[in-house]
Each structure stands twice: as C-alpha cells, then as structure tokens.
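Hi,

Here is the structure I promised to pass on to you. Have a look at it first, and then read on for what turned up in it.

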Amino acid sequence: ESLCSFDEAITSQRQVFLAHEAKQTVLGPRAMISQGENAQFAYIARASESGPTIVKFGTVVPSNTSRSIPVVQTNIAVMDPTTGSVTTFLDGESVTRLRTVAASIVAAQALANPTIKVAIVGLGHQGQAHAQAVSKIFKPRELIGIARNSKHVVNSASTTAQLFTSVTQDFSALQECDLIFLCTNSATPVIKEQIAAGATCISIGSFAPNRSEVAPELIAEADQVLVDDVEISSAQCGGVKGALEMSNRNWPSVRSLGSALNGSGRRSPGERIYFFSVGLGIQDAAIAEIILNKLSKRG
C-alpha cells in the first residue's frame, strides 16, 4: 500500500477505464461461481498491451465475519511481460480495496451532482475506506453511515463511528442524500425504495448473478445505468441482469463508465443515476503496474 498513493490509484483507474473504452486494454474471461451466498472468482487481464499480465483469484464468504477471518480473500499473481514467469504475488485484499474505492471516486466525480449529503451503506473494510476517501475528496456537509448490524451503531466512540456525521440503521435517511455508496456483501436488495431525484448511487457489492444490492425494478426506473464493463456486467451483475430482463425500462441499454469519462456523464441535475461495479482485472493490473514500476526503481 505504501507503493501506491490514493491519488495515484485514482489517476490509474480513470486512465484504465478510458483505455478500456478505447479498446487499449486486454481483458480475459471473468469466471464467477456462486455457491449459496458465497462466490468464487478468477480472471486474467492486462491494463495495457505491453504491460504485465495479472491473474486474480479468490472467494467471498459473508459468514466469515463470525470466524474472525476476511469475508473477501484474494491473491494476485503478476507475470513478466517478456518471459511470462510469475515474478510477484500481491496481497489481493489491499489491491482490491485500493482500486475499488478509487474507481468509486472516479465514477462519482463523473456522475454526481455537487455533494452536500453522502451515505455509505455497509461499514466493513470497504465502507470505512470509502468513508475516508469521500471525506478527503468531496468534503460533504454530512456523511451518514448506514449499518445493517447494530454493533456499528451502539458504540459512538468506535473508529467506524468517528468517520461519520452519524451512524444509523434507518434506511430512510438515504432519501435525503445526493450520493450513495453501497458497500455490502448482501445477496438481496438493501435499496428497496427509489433514490431521490438527482441522486447518484454507486454499488460495489452486486458482483455476481446471485447478488443485487438494488432491487431490479428500481434500476429499471432509473434515468441512467452505468457499469464498468457492459458485456460482463449485463451477465454477472445480479441487479443489472434482472433489470435488463424487464421490458418497461426508462433506459434502452446500460452504458460504460468509460463513455461517461469521455464527457457524456450526467445529462441533467434531476437524473437518478446508478453505477454498478463488478470489478475488472484491468483495474488490478493498473495498480500492479504502478507497484512494479516503484519496485524496479528501488532496484
């Protein structure tokens, strides 16, 4: 983590999504296997034609919270672009957290109205990392933490609580927010009522067909729906997949984040916009390139 600053991570994610839109990345198949509420995944990618290839594999097991081990466990293997040899293993959880938060910030900068009140649903490692980034980048007047688990609410002196203006289990607070981040491991919708006009909702937990942080009918009612990769998300993001099966949608098709970064993001202040990230190997590869360049300079 010391080899890649957050500002560098944001720049890397913006650049890699623009490169992906321009078809300058290499993205192999993304394999996802569901097992009840659990999921296992593996994928291969390069952030650039000449960059190193990464292979990422891991699991998501929500019940691990009761075992005091990480819910998400991943590893990233980096292969030398010249020899093909595996030269480096990177801690998957650290890279995932860094690139996911950075991509969320990039999406929010491209899609959100001026942010006065922000909510983060899910206060685990990703939720806390998003809270720190939002405070630094957007400096909202209010930052609300929405916790499904009461343990995050009762202790107002906890590190988690200190990141927020307030922490609550009341989901109705979302109706007053300009920007919402969904950072849960829920397989069923946590957003069951439509967000406010003009709001932007960014979901990082709907990364498999059996996961939908937002009810599909609400996604269908949105003004715009954007994803990190159209083909992959249409098949593997549970909420988007469900919404695409509905004929009465407000939008004809989902759009890529790269298209928004090219200047076609929010079209009017009153639009309800959803962005869904399933997580792409090119994002991890972009962080890997930064780390390897830093290591090479160290000799």
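Helix α1 (residues 6-21) packs against α2 at an angle of about 65 degrees, and their axes are 8 Å apart. Angles of 65 to 115 degrees count as roughly perpendicular, so α1 and α2 are roughly perpendicular to each other. The crossing in which α1 passes α2 is right-handed. Please keep in mind that this is a predicted model.

Which residues make the contact? From α1 come F6, A9, I10, Q13, R14 and F17, and α2 brings L98, R99, V101, A102, A103, I105, V106 and Q109. Sorted by class, the contact of α1 with α2 has 10 nonpolar residues, two polar ones and two charged ones.

Next, the sheet. Five strands form an open sheet in the order β1-β2-β3-β4-β5, and the pairing is antiparallel. The edges are taken by β1 (26-35) and β5 (86-91); each has a single partner strand, so one side of each is left without a neighbour in the sheet. On average, neighbouring strands of this sheet are turned by 15 degrees against each other, direction ignored.

Some details on the pairing may be handy when you inspect the model:

- Strand β3 (residues 53-60) and strand β4 (residues 72-79) run antiparallel and are joined by eight bridges.
- In that pair, K56 stands opposite I76 in β4.
- Five bridges link β4 with β5, again in the antiparallel sense.
- Here I76 stands opposite L90 in β5.
- The hairpin of β4 and β5 has six residues between the strands, and G84 takes a positive phi near 80 degrees in it.

Along the principal axes, the C-alpha atoms of the protein chain fill a box of roughly 55 × 45 × 40 Å.

Enjoy looking through it!

Best wishes

Conventions
Residues are numbered from 1 along each chain as its sequence is written. This is a predicted model: local features need pLDDT of at least 70, side-chain atom pairs count only at pLDDT 80 or more; totals for chains, interfaces and linings use all residues. Side-chain values use heavy atoms; hydrogens and water are left out. Two strands pair if DSSP finds at least two bridges between them. Helices (H or I, at least four residues) and strands (E, at least two) are DSSP runs, numbered from the N terminus. Axes are lines fitted to C-alpha atoms, for helices over the stretch in contact, and angles run from 0 to 180 degrees between N-to-C directions. Angles under 35 degrees count as roughly parallel, over 145 as roughly antiparallel, 65 to 115 as roughly perpendicular and the rest as oblique. A crossing is left-handed if the near helix is turned anticlockwise from the far one by less than a right angle, and right-handed if clockwise. Contact means heavy atoms within 4.5 Å. Ala, Val, Leu, Ile, Met, Phe, Trp, Tyr, Cys and Pro count as nonpolar, Asp, Glu, Lys and Arg as charged, and the others, Gly among them, as polar.
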